[in-house]
Amino acid sequence: MKKKFLIVTNHSYMLWQFRRELIVELLKQGEVVISTPFVGHEDDFIAMGCRCIPTEIDRRGINPLKDFKLYWFYRKLLKRERPDMVITYSIKPNIYAGYACRSLNIPYVVNVQGLGTAFQKSVISQVVTFMYKIALGGARTCLFENDANADEFVNRKIIKKKNKTVLHGAGVNLGYYPVQPYPKEENGIHFLFLGRIMSEKGVDELFAAARALKDQYGDKVVFDLVGFFEDEYKETVEKLTEENIVCFHGFQTDPRPYYAAAHCVVVPSYHEGMCNVLLEGAATGRTLIASDIPGCRESIDEGVNGFLCRKKDVESLRSCMERFMSLTTAQRKNMGVSGRHKMEREFDRDQVVQSTLTIIGE
């Protein structure tokens, strides 16, 4: 018997990047309907055989009227579509589609991809905790990307321990991110930061460490930035580029050439669900440096395929980069090879997809 799956999320680009392999498998079982704001890839989803429903979501706003309208939209959508299973991603779909599914007795699985800023601020954190507790109360299971986030939800009594499932995020597509030859070093050692240029990604610490290492090593070290910046960082990035501290490449739809050109991938983030940049960099065969936080530490075996630094600590980050600089070429290359092997053992997306299908089908 064919099933109908409704996927509810807040970003079509992220869904395409990290969940399309899962959607391919769901389509084998029946119909897939996607509700999200479309910022690309709508035609790709349609070509796969999905039905797409453009959905307006104020991702960062806290306007109660807009959020109530979103809940009501989900409720009407569910009544009309009557899916056999709903799969939600990100905080507002998790909460408001979760409310709607619970009230209509429609089976749903929730994906918590990280705690985000809402859990860092005391008053908002209390409100979000309460809302999550109601929304997730009827979920078949809650999927988390790391153990610390899952334990946080259990400790806050948002969910019961039996209702948590921890997977390694979306995993990494090892075919799409194959091992690349280790790049030559005569034009400098390249450290790559790939992501949104914003405070919570640790860019202030990164820029300070980059400036110090440039003073120390000069042209022997290069800092590549790939991504778009928040408005508050426009002037900073432009100044660092003019001073030859960083090379800014802007947002790129295909990051693979930048992983291939890098010697080391750096993510000094403050919080993550599961950092896909680290998984992709390691799959490419590159050494990793990241904050010692949930969502980053899982992808690094200290001293084997990378180094962990203290969060919000410039000196710790700089020290990790210096450790990498002090290695021989052979040692750097071998660390990258170890990272690839770790991805094959622990983070293969095919394994994550099969685990997710099993959970959905139970």
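1. Strand E11 (residues 264–267) is covered on both faces. Cys-264 and Val-266 are buried on one side, Val-265 and Val-267 on the other. Buried means under 20% relative accessible area, exposed over 50%, and partly exposed in between, with a 1.4 Å probe and protein chains only. In a regular strand the side chains alternate between the two faces of the sheet. Strands (E, at least two residues) and helices (H or I, at least four) are DSSP runs, numbered from the N terminus.

2. This is a predicted model, in which local features need pLDDT of at least 70 and side-chain atom pairs count only at pLDDT 80 or more, while totals for chains, interfaces and linings use all residues. Residues are numbered from 1 along each chain as its sequence is written, and side-chain values use heavy atoms, with hydrogens and water left out.

3. Now the partners of E11. Strand E8 (residues 189–194) runs parallel to E11 and is joined to it by two bridges. Two strands pair if DSSP finds at least two bridges between them. Leu-192 stands opposite Val-265 in E11. E11 also pairs with strand E12 (residues 287–291), in the parallel sense, over four bridges. Here Cys-264 faces Thr-287 of E12 as its opposite residue. Between E11 and E12 the chain passes through helix H10 (residues 276–284), and this β-α-β crossover is right-handed. Right-handed means that, with the strands pointing away from the viewer, the path from the first strand over the helix to the second runs clockwise.

4. How many residues of E12 are buried? Five of the five are, so E12 is largely enclosed by the rest of the structure. E12 is joined to strand E13 (residues 306–309) by four bridges, and these two strands run parallel. Ser-291 stands opposite Cys-309 in E13.

5. A seven-stranded open sheet has the order E3-E2-E1-E4-E5-E6-E7, with parallel pairing. Strands E3 (51–54) and E7 (164–166) stand at the edges; each has a single partner strand, so one side of each is left without a neighbour in the sheet. Neighbouring strands of this sheet are turned by 20 degrees against each other on average, direction ignored. Within the sheet, strand E1 (residues 3–8) and strand E4 (residues 85–89) run parallel and are joined by four bridges. Val-8 has Thr-88 in E4 as its bridge partner.

6. Two helices lie across strands of this region. Helix H1 (residues 12–29) lies across E1, strand E2 (30–36) and E4, at about 160 degrees to E2. Helix H6 (residues 147–155) lies across strand E5 (108–112), strand E6 (141–144) and E7, at about 170 degrees to E7. Axes are lines fitted to C-alpha atoms, for helices over the stretch in contact, and angles run from 0 to 180 degrees between N-to-C directions. Contact means heavy atoms within 4.5 Å.

7. Two packed helices are described by the angle between their axes and the distance between the axes. For helix H3 (residues 64–81) and helix H4 (residues 91–104), the axes come within 9 Å and cross at roughly 45 degrees. H3 and H4 are therefore oblique to each other. Angles under 35 degrees count as roughly parallel, over 145 as roughly antiparallel, 65 to 115 as roughly perpendicular and the rest as oblique. The crossing of H3 and H4 is right-handed. A crossing is right-handed if the near helix is turned clockwise from the far one by less than a right angle, and left-handed if anticlockwise. Residues making the contact include Leu-70, Tyr-74 and Leu-78 of H3 and Tyr-96, Ala-100 and Leu-104 of H4.

8. H1 also packs against helix H13, at an angle of about 50 degrees with the axes 10 Å apart. That makes H1 oblique to H13. The crossing of H1 and H13 is right-handed. Among the residues that meet are Phe-18, Leu-22 and Leu-26 in H1 and Val-353, Leu-357 and Ile-360 in H13.

9. Gln-351 lies in H13 (residues 349–361). Gln-351 is partly exposed, with a relative accessible area of 41%. Beyond its neighbours within four places in sequence, Gln-351 contacts Glu-344 and Arg-345. Leu-167 is 184 residues from Gln-351 in sequence and 9.7 Å away in space, C-alpha to C-alpha.
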